[in-house]
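Biologist: Could you walk me through this fold, and tell me what each label rests on?
Modeller: Gladly; here is the model.

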Amino acid sequence: MVRKRKRKRLMRRGERPQLPSRANERWSMDFTSDQLGDGRRFRTFNVVDDFTRECLAIEVGRSLVGSHLAEVLDSVGKRRGYPEAIVCDKGPEFIGHALEQWAYDRRVALRFIQPGKPVQNCFVESFNGKFRDECLNEHWFTSMTDARRIIEEWRCDYNQVREHSSLGGLTPVEFAKRAMETAENALRLPPFPQHLPLQSTNKIPVGP
């Protein structure tokens, strides 16, 4: 059975953050919520790389406390490296001691958006809208196991199959791979000569 819900419009308040220049420069994180077929509620913890648009994780659970979020972020960080910064709102899970300690130990800056300005976290907000429209609203989850399976399948499809106009028609995985290859090729370029002989175009006058 398929459920249809109206998508909430994103309120454009605040200043849109500058686009990062490389992967792992900045991640974004946020929550969404839904319910099982029997009415029990659950939440998802969503993490996005703002540069590559990859969805790095969607953790599904009924209770997602700060220590659990730290474990999820650690799992991603060990796999692909830790970010310089993570953008999020001031939800209780994000401002608690567990996540603060995690960020301090790994030298990750937590950047909190201003209240009432969701556009400051626009990358994960945009992702949340697509996630709700294309996954949460399109499935009737019979159990937590069923929800985790369907959501993870959708995440993999989003990263590996779904083309993004903002990425020049590439998937997030393709875009990340191409960006990495470009960076590696730039490192292989020979250094620019620091001391080149000066060549003057001015003719030296010849005496009589």
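Modeller: Five strands make an open sheet, ordered E3-E2-E1-E4-E5, with mixed pairing. Strands here are DSSP runs of E with at least two residues, helices are runs of H or I with at least four, and both are numbered from the N terminus. This is a predicted model, in which local features need pLDDT of at least 70, side-chain atom pairs count only at pLDDT 80 or more, and totals for chains, interfaces and linings use all residues. Residues are numbered from 1 along each chain as its sequence is written, and side-chain values use heavy atoms, leaving out hydrogens and water.

Biologist: What makes E3 and E5 edge strands?
Modeller: Strand E3 (55-61) and strand E5 (109-112) each pair on one side only.

Biologist: How do you know that E4 and E5 pair?
Modeller: Two strands pair if DSSP finds at least two bridges between them. Four bridges join strand E4 (residues 85-88) to E5, so the pair meets that definition. The two strands run parallel, and Ile-86 stands opposite Leu-110 in E5.

Biologist: Which strands does helix H1 touch?
Modeller: Helix H1 (residues 66-80) packs on the sheet and touches strand E1 (26-35), strand E2 (41-49), E3 and E4. Contact means heavy atoms within 4.5 Å.

Biologist: Why is a group of residues called a nonpolar core?
Modeller: The name is for buried Ala, Val, Leu, Ile, Met, Phe, Trp, Tyr and Cys residues joined through side-chain atoms within 4.5 Å. Buried means under 20% relative accessible area, exposed over 50%, and partly exposed in between, with a 1.4 Å probe and protein chains only. The largest such core here has 20 residues, and Met-29, Leu-73 and Trp-102 are among those with the most contacts inside it. H1 gives the largest share, five residues. Leu-73 touches residues including Trp-27, Phe-45, Ile-86 and Leu-99, leaving aside residues up to four places away in sequence. A second, separate core of 18 residues includes Leu-36, Phe-42, Val-48 and Ala-147.

Biologist: Which residues of H3 are buried?
Modeller: Leu-99, Trp-102 and Ala-103 are buried in H3.

Biologist: Why do you place them on the same side of H3?
Modeller: Because they cover an arc of only 95° around the axis, they lie on the same side of H3. The arc is taken from the directions that run from the helix axis to the C-beta atoms. His-97 and Tyr-104, on the other side of H3, are exposed.

Biologist: What covers the buried residues of H3?
Modeller: The cover includes E1, H1, E4, helix H2 (92-95) and E5.

Conventions: Axes fitted to C-alpha atoms, helices over the stretch in contact; angles between N-to-C directions.
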